[in-house]
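Please examine the structure shown below.

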Amino acid sequence: QVQLVESGGGLVQAGGSLRLSCTASGSIFSINHMGWYRQAPGKQRELVAAITSDGSTNYAGSVKGRFTASRDNANNTIYLQMNSLNSEDTAVYYCNARGIRSDTGYYRDLWGQGTQVTVSS
């Protein structure tokens, strides 16, 4: 079974930085789309950043210029470098992967367990 394992969340002061990582475990041949979403208390889950297998990126307007998504296809890993964090970035961050081809089959849409990011003011 393919799973997404996230790491890197935590507590940081406003203006600080954090780096999130998410690795897809298992024997994987390819992953089409990887991305990060977040969900703050009382709010809907929203896209933060997405990156395709060829490196094309898409960011939410609220994080453009502050967050950078990158991807290591050889290790099936996506990163999210978050700079200039503010209290509005506080949320649970979820890794997402779509179009996964592996030796255990095709996975249309997988989610990680989520990692908490808390920004103190």
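Asn 76 lies in the loop between β7 (67-72) and β8 (77-82); strands here are DSSP runs of E with at least two residues, numbered from the N terminus. The model is predicted, so local features need pLDDT of at least 70 and side-chain atom pairs count only at pLDDT 80 or more, while totals for chains, interfaces and linings use all residues. Residues are numbered from 1 along each chain as its sequence is written, and side-chain values use heavy atoms, with hydrogens and water left out.

Most residues other than glycine have a negative phi. Asn 76, although not a glycine, has a positive phi of about 50°. Ser 84, in the loop between β8 and β9 (91-102), also has a positive phi, near 50°. The table gives the relative accessible area of each, where buried means under 20%, exposed over 50% and partly exposed in between (1.4 Å probe, protein chains only).

| Residue | Relative accessible area | Class |
|---|---|---|
| Asn 76 | 14% | buried |
| Ser 84 | 42% | partly exposed |

Two strands pair if DSSP finds at least two bridges between them. β4 and β9 are antiparallel and share ten bridges, and Met 34 stands opposite Ala 97 in β9. β4 also runs antiparallel to β5, with six bridges; here Met 34 faces Ile 51 in β5. The hairpin of β4 and β5 has six residues between the strands, and Gly 42 in it takes a positive phi near 80°.

Which residues touch the most other members of the largest nonpolar core? Among the 33 residues of this core, they are Trp 36, Val 48, Phe 67, Leu 80, Met 82, Tyr 93 and Ile 100. A nonpolar core is a set of buried Ala, Val, Leu, Ile, Met, Phe, Trp, Tyr and Cys residues joined through side-chain atoms within 4.5 Å. The largest share, five residues, comes from β9. Beyond its neighbours within four places in sequence, Tyr 93 is in contact (heavy atoms within 4.5 Å) with residues including Trp 36, Val 48, Phe 67, Leu 80 and Met 82.

The largest pocket has a volume of about 150 Å³, the space filled by probe spheres set on grid points joined across faces, edges and corners. A pocket is an open set of points on a 1 Å grid over the protein atoms alone, where a 1.4 Å probe fits, with protein on both sides within 12 Å along at least five of seven lines; lining residues have an atom within 4 Å of a point. Arg 38, Lys 43, Glu 46 and Asp 89 are among the lining residues.

Terms used: Helices (H or I, at least four residues) and strands (E, at least two) are DSSP runs, numbered from the N terminus.
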